[in-house]
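Open the model in your viewer and get ready to select residues.

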Amino acid sequence: MNIPVVDLAEFNSGDPARKQKFVEQLGKAFEDTGFVAVKNHTIPDALIADLYEYVQQFFGLNSATKDNYEIPGLAGQRGFTSFGKEHAKGFDAPDLKEFFQFGQEVEDSDPIKSEYPANITVTEVPAFTPTLLKAYRSFEESGKALLQAIALYLNLDENYFDEYVHNGNSILRAIYYPPIVHEPKSAIRAEQHEDINLITLLVGASADGLEILTKQQEWLPVTSLPEQIVVNVGDMLQRLTNNKLRSTTHRVVNPPREKWATPRFSIPFFLHPKSKMSLACLSSCIDAQHPKMYEDYSAGDYLDERLREIGLKK
């Protein structure tokens, strides 16, 4: 499936007409499919290449070494999470993956720093941690611009999301789907799910497998060109907009049997706001035809609930 393609350079052009065209394209795509491909996303190609190189070096370490970076009590929010720990909401079988998560580094005097656990530094791959930080900041900037466009589409102030994104609880996740060595019991690489956050930015993937569920209840593979990133709506944004913008169900399927020996690497950036942000449905998204669908939640409370549902938090 060719998902809609938008050009972030149009939004950043300084031309009001081009900017407004981008806002309409992005908003309509998020209403219709919940997924877009973004070109000119401002994340440097060289940084992406470095990121994948060091991610693969980390996951190439032996299990005992990686296990040293799995920290009990953090619900997988920092450091390594070993194979088979996470499952999709509503499914018991664990996904066929392991992952490493890197979170916010508060670099000013914001007291929110006390809410976040420290990031985990990997000593065996010295460039890994600083490259994760560079990538995190780059994703954060691109995500901020996309949310500004979303705010305009929703007739909010352009900077509505800015205060919540700054020092927000976003997560950069590096995922490794190992080669499949025997018949899986019931799971696929990542069972069908919706993301928890506001938006997800996905840069590249080393093998195919991503599929989205259409309005016609058909699974269709999603591909993007190397210079594009894939961006999708998460459940928090769907709640905030009372289902105006769609959090589309997606999954990562296993490759054909002849390609079972092929691993898959994927690096999504889950853009989360500060925990205090209200997810109460916007009044502008509620009317007689669209009654309020969700009870009021804060972003922090909603994240906590979902982490329990997917097995990362007890």
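How many residues has H5, and how far does H5 reach from its first C-alpha to its last? H5 has 26 residues and reaches 37 Å, close to the 38 Å expected at 1.5 Å a residue. (The expected span is 1.5 Å times one less than the number of residues.)

Before going on, note that this is a predicted model: local features need pLDDT of at least 70, side-chain atom pairs count only at pLDDT 80 or more, and totals for chains, interfaces and linings use all residues. Residues are numbered from 1 along each chain as its sequence is written, and side-chain values use heavy atoms, without hydrogens and water.

Helices (H or I, at least four residues) and strands (E, at least two) are DSSP runs, numbered from the N terminus.

Stay on H5. Just after H5, select asparagine 155: its phi is positive, about 60 degrees.

Now select H2, residues 16–32. Color Phe22, Val23, Leu26, Gly27, Ala29 and Phe30, the buried residues of H2. They cover an arc of only 160 degrees around the axis (taken from the directions from the axis to the C-beta atoms), which puts them on the same side of H2. On the other side, Ala17, Lys21 and Lys28 are exposed (over 50% relative accessible area).

Next, look at the start of H2. A side-chain oxygen of aspartate 15 comes to within 2.9 Å of the backbone nitrogen of alanine 17. Finish at glycine 34, which follows H2 and has a positive phi, near 80 degrees.

Conventions: Buried < 20%, exposed > 50% of the residue type's maximum accessible area, 1.4 Å probe, protein only. Polar contact = N/O pair within 3.5 Å; in protein donor to acceptor, adjacent residues only side chain to side chain.
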